[in-house]
Amino acid sequence: MIKVVRGNPTPEELAAAVAVARGRAAAGAAQPSGAPAPPAAWADPARVARHRLPAPGPMAWGRTYWPG
């Protein structure tokens, strides 16, 4: 049920509002309910670090900044 709370819409404006509301309801009903879709492969954190990095040694802080 749709109720006009404020204003005086024309029949065309009211028909447009009803069409939008029905379209949104139909789009929501078309989506499958239940568990959401799994995230895309590009969002997988394992993609960035495929292999485990070696543990840093005692001089690792120097190698992170100084080239060579």
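Which residues make the nonpolar surface patch of about 300 Å²? A few friendly notes follow.

1. The patch is made by Ile-2, Val-4, Leu-14 and Val-18. Patches here take residues with over 30% relative accessible area and no salt bridge, joining like charges within 9 Å and nonpolar side chains (Val, Leu, Ile, Met, Phe, Trp, Tyr) within 5 Å. A salt bridge means a side-chain nitrogen of Lys or Arg within 4 Å of a carboxyl oxygen of Asp or Glu.

2. This is a predicted model, where local features need pLDDT of at least 70 and side-chain atom pairs count only at pLDDT 80 or more, while totals for chains, interfaces and linings use all residues. Residues are numbered from 1 along each chain as its sequence is written, and side-chain values use heavy atoms, without hydrogens and water.

3. The protein has two helices and zero strands (DSSP runs numbered from the N terminus: H or I of at least four residues for helices, E of at least two for strands). Val-4 sits in the segment before helix H1 (11-30), whereas Val-18 lies in helix H1. Between Val-18 and Ile-2, 16 residues apart along the chain, the C-alpha separation is 8.0 Å.

4. Val-4 counts as partly exposed because its relative accessibility is 39%; buried means under 20%, exposed over 50%, partly exposed in between (1.4 Å probe, protein chains only). Of the 68 residues in the protein, 3% are buried.

Conventions
Accessible areas come from the Shrake-Rupley method with a 1.4 Å probe; for residues, only the protein chains shown count as cover.
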